[in-house]
Amino acid sequence: MKTIKTFGKTFGLAVVISATAFASAEAHVTFLDREAKQDSTILATLQVPHGCDGKATTEVRVKLPEGFVFAKPQPKAGWELEVIKGDYQKTYDNHGDKVKTGAIEVRWRNGNLSDDFYDTFVIQGKVSGVEAGSSLVFPVTQMCGETVTAWDQVAAEGGDAHGLKSPAPLLKVVAGEGDHDDMAGMDMSGMNMSGTAGMGAAAPAGETVKAGDLEVSGGFAKAMLPGQPVGGGFFTMKNNGQTDDRLVSVSSPAAGEVQIHEMVTKDNVMRMRQLKDGIAIGAGETVKLEPGNLHLMFQKVKMPFKQGDTVPVTLTFEKAGKVDLALQVLSAQGK
C-alpha cells in the first residue's frame with residue numbers, strides 16, 4: 001500500500017492546542033466554519049477539495065478529539081458509514097446524563113469522489129469543556145484506493161502552520177453563551193452515540209393507512225437543524241395477509257431522494273447501508289422502522305423538517321402497490 005509521507009509533528013486524538021496554530025491552506029482538508037463556540041452543538045463540516053495524486057477519494061476517516069462529544073455523522077448517498085465508539089478521557093453531561101463513552105472516529109467508506117470534484121463530510125457534535133482560545137484537532141485520513149494521505153500535522157506552540165505539508169483540520173474554540181439547541185439534529189442510531197439510550201420507540205400518534213393486507217401506522221420524522229440536507233423517517237408495517245410482501249421504494253416531494261437504510265452495531269462499530277432491494281414483510285409479521293435499526297433516509301431535503309409539520313411520503317410495495325402516508329415531525333429526540 002502506497003502511503004504519502006507526512007513531515008512535522010503528529011498529534012493524537014485528544015490534542016487541544018493553542019489558537020496560534022490555527023491556519024491551513026485552502027488546498028488542504030479544512031472545515032467550512034473554522035470557529036466553534038464553547039459548549040455549543042455544531043455541524044462540523046469538512047471540505048475535501050481534491051483526491052490523492054489525481055486519484056478519486058474512496059474513504060475519509062476522521063478522528064474526533066477529546067472535547068468534541070455526542071457526535072452524530074451525516075450519512076452520504078453512495079457511501080457506507082462507520083462509527084467507532086470508545087471511552088472519553090473525561091465524563092460529560094448530556095442533559096443530566098453522565099456520559100463516559102461515545103464516538104471517537106467516523107469513517108465514510110466505499111465511495112467515489114473524483115479528483116475533479118469537491119465535497120463535504122458533516123459531523124454533528126458538541127464542543128464541551130474546552131477553553132476559549134484553544135483549538136480542537138481532527139486528524140483526517142483520506143484514502144484513494146491504495147494511496148493514503150494523512151492530514152494530521154500540527155504546528156508546534158508558536159509555530160507557523162502555513163509551512164506544514166499535511167496540516168490537520170482545526171476548529172478554533174471561542175467564548176460562547178452555552179448550548180441551547182437541544183441537539184436538534186437527526187438521531188442516527190437510537191443510541192445517542194454515547195452508549196446511553198435514545199428515544200428508540202416509534203411515534204405514538206400517527207395515522208394508520210391500509211394497502212391490501214398491509215397496515216402502516218405510527219409514522220414520524222425528526223426535526224432537523226437549519227441547513228441540514230438529510231433527515232430520517234420511521235413507521236410500522238403489519239402484514240395481516242397470508243402472502244409475503246416487500247417495501248420496494250419510497251418517494252417524497254420534500255426530498256430529492258428517499259432511501260431505505262439499515263443500521264447495525266457490532267463490536268462497538270456502527271455500520272449503515274442502503275437496502276436497495278427494500279424490506280420484506282412476511283405473512284403475519286410486523287416490521288418496525290425505528291432509530292438504530294431500519295429507517296428512511298431523506299436525501300437533499302428541500303426545507304429542514306420542523307416540529308409540528310408533516311412530511312408526505314409515497315410507499316411502493318411489491319404486491320400491495322402504492323400508499324400515501326404523512327409522517328408527523330416530532331422533536332429531535334422523537335417526542
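Which residues do ring pairs link into a cluster? Ring pairs join Phe 31, Phe 68 and Phe 138 into a cluster, where rings of Phe, Tyr and Trp (its six-membered ring) pair if their centres lie within 6.5 Å.

## Basis of the model

This is a predicted model, in which local features need pLDDT of at least 70 and side-chain atom pairs count only at pLDDT 80 or more, while totals for chains, interfaces and linings use all residues. Residues are numbered from 1 along each chain as its sequence is written, and side-chain values use heavy atoms, with hydrogens and water left out.

## Overall architecture

Of the 335 residues in the protein chain, 52% are buried; buried means under 20% relative accessible area, exposed over 50%, and partly exposed in between, with a 1.4 Å probe and protein chains only.

Among the contacts in the protein chain with a separation of 6 or more, 73% are between residues 24 or more positions apart, a contact being heavy atoms within 4.5 Å. The accessible surface of the protein chain is about 14800 Å², and carbon and sulfur atoms account for 48% of that surface; these areas come from the Shrake-Rupley method with a 1.4 Å probe, and for residues only the protein chains shown count as cover.

## The disulfide

The structure holds 1 disulfide, defined as a pair of cysteine sulfur atoms within 2.5 Å, and it is formed by Cys 52 and Cys 144, whose sulfur atoms are 2.1 Å apart. The pair links distant parts of the chain, since Cys 52 lies in the loop between strand E5 (41-48) and strand E6 (59-63) and Cys 144 lies in strand E12 (residues 140-144), 92 residues apart.

The torsion about the S-S bond of Cys 52 and Cys 144 is about 65°, so the disulfide is right-handed. Cys 52 is buried, with a relative accessible area of 1%, and Cys 144 is buried as well, with a relative accessible area of 3%.

## Nonpolar cores

A nonpolar core is a set of buried Ala, Val, Leu, Ile, Met, Phe, Trp, Tyr and Cys residues joined through side-chain atoms within 4.5 Å. The largest such core has 34 residues, and those with the most contacts inside it are Val 62, Leu 64, Phe 68 and Trp 108. Elements giving two or more residues to this core include E5, E6, strand E7 (68-73), strand E8 (80-94) and strand E9 (97-109), and the largest share, 4 residues, comes from E5.

Leaving aside its neighbours within four places in sequence, Val 62 is in contact with residues including Leu 46, Ile 104, Trp 108, Ile 123 and Phe 138. A second, separate core of 33 residues includes Ala 223, Ile 281, Val 311 and Val 313.

## Aromatic pairs and a charge over a ring

The count of aromatic pairs comes to 7. Trp 79 and Phe 121 form one that is edge-to-face, at 5.3 Å centre to centre and 85° between the planes; planes under 30 degrees apart count as stacked, over 60 as edge-to-face and the rest as tilted. This pair links distant parts of the chain, with Trp 79 in the loop between E7 and E8 and Phe 121 in strand E10, 42 residues apart. Trp 79 and Phe 121 are both buried.

Phe 298 and Phe 305 form an edge-to-face pair, at 5.3 Å centre to centre and 85° between the planes. Phe 298 counts as buried at 0% relative accessibility, and Phe 305 counts as buried at 4%. The charged end of Lys 76 sits over the ring of Phe 121, 4.8 Å from its centre, a charge being over a ring if NZ of Lys or CZ of Arg is within 6 Å of the ring centre and within 35 degrees of the ring normal.

## Residues in loops

Gln 74 lies in the loop between E7 and E8 and is buried, with a relative accessible area of 13%. Leaving aside its neighbours within four places in sequence, Gln 74 is in contact with Trp 108, Val 122, Gln 228, Pro 229 and Val 230.

Asp 267, in the loop between strand E19 (255-266) and E20, is exposed, with a relative accessible area of 68%. Asp 267 and Lys 85 are 182 residues apart in sequence and 9.2 Å apart in space, C-alpha to C-alpha.
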